[in-house]
Structure formats: structure tokens, C-alpha cells
Amino acid sequence: MDTHHLARMANQIGGFFEAMPDREEALAGIVQHIKRYWEPRMRRELQLCLQQGGEAELKEIVTEALAKDEGWKV
């Protein structure tokens with residue numbers, strides 16, 4: 001899988017939820033979307049990307065959401 005593509009997809013999800021007025025609800029929404037719609041292989045690649053310092057490619061709200069809720073990992 002292309003981690004740049006996964007980062008772009010995660011950022012699109014983050015962009016959608018970023019518009020929500022309730023920050024906590026937005027963070028939970030990002031994680032729930034990734035857990036619900038991304039297959040385990042995609043989540044593993046995103047996890048690997050983050051472990052290798054790829055958080056620079058992600059929006060701040062996405063990295064915050066993923067750091068806050070470890071339940072998205074496979």
C-alpha cells in the first residue's frame with residue numbers, strides 16, 4: 001500500500017470532521033471511521049507510517065485523534 005495515499009485519505013477524513021464544533025466528537029469520529037471502514041491491512045500500514053515518523057504528512061487533528069484512541073490499531 002502507498003502510505004502517501006493512506007495519509008491523503010486520512011487527511012480527507014480529518015478535514016470532514018475538523019468542521020465539527022465539538023472537538024472531542026470530531027476526534028472520536030475520525031477514529032470510528034478508520035476502525036469501521038478501513039481494512040486491517042490499511043490500518044497496519046498507517047500504524048507503520050506513524051511509527052516511522054510519518055505524522056508530518058497527517059493533519060494535526062488526525063494525529064491527535066489516533067494518539068488519543070489506540071483502538072484503531074490492528
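Contact here means heavy atoms within 4.5 Å. With that in hand, let us walk through the structure together. The model is a predicted one, in which local features need pLDDT of at least 70 and side-chain atom pairs count only at pLDDT 80 or more, while totals for chains, interfaces and linings use all residues. Residues are numbered from 1 along each chain as its sequence is written, and side-chain values use heavy atoms, with hydrogens and water left out.

Let us start with the overall layout. The protein has four helices and zero strands, and from the N terminus on its elements run α-α-α-α. Helices (H or I, at least four residues) and strands (E, at least two) are DSSP runs, numbered from the N terminus. Along the principal axes, the C-alpha atoms fill a box of roughly 35 × 20 × 15 Å. The radius of gyration, taken over C-alpha atoms, can be set against a globule rule of 2.2 Å times the number of residues to the power 0.38. For 74 residues, a compact globule would have a value near 11 Å, and the protein agrees because its own value is 11 Å.

Next come the surface and the contacts. The protein exposes about 4400 Å², and carbon and sulfur atoms supply 51% of that area; accessible areas come from the Shrake-Rupley method with a 1.4 Å probe, and for residues only the protein chains shown count as cover. Of the 74 residues, 35% count as buried. Buried means under 20% relative accessible area, exposed means over 50%, and partly exposed lies in between (1.4 Å probe, protein chains only). Among contacts with a separation of 6 or more, residues 24 or more positions apart account for 73%.

Now look at the first helix pair. Two packed helices are described by the angle between their axes and the distance between the axes. The axes of helix α1 (residues 3-18) and helix α2 (residues 23-37) come within 9 Å and cross at roughly 145 degrees. These axes are lines fitted to C-alpha atoms, for helices over the stretch in contact, and angles run from 0 to 180 degrees between N-to-C directions. The crossing of α1 and α2 is right-handed: a crossing is left-handed if the near helix is turned anticlockwise from the far one by less than a right angle, and right-handed if clockwise. On the α1 side the contact is made by I13, G14 and F17, and on the α2 side by A26, G29, I30, H33 and I34. These residues divide into five nonpolar, three polar and no charged. In this scheme Ala, Val, Leu, Ile, Met, Phe, Trp, Tyr, Cys and Pro count as nonpolar, Asp, Glu, Lys and Arg as charged, and the others, Gly among them, as polar.

Staying in helix α1, we come to A10. A10 counts as buried because its relative accessible area is 0%. Leaving aside neighbours within four places in sequence, A10 is in contact with W38, L58 and V62.

Q47 is buried, since its relative accessible area is 16%, and R43 is buried with a value of 12%. Not counting residues up to four places away in sequence, Q47 touches W72, K73 and V74. With its own neighbours within four places left aside, R43 is in contact with I34, K35, W38, W72, K73 and V74. P40 is also found in helix α3, but P40 is partly exposed, with a relative accessible area of 37%. The C-alpha atoms of P40 and Q52, 12 residues apart along the chain, are separated by 18 Å.

Our last stop is E55, in the loop between α3 and α4 (60-68). E55 is partly exposed because its relative accessible area is 38%. Not counting residues up to four places away in sequence, E55 touches L50 and T63.
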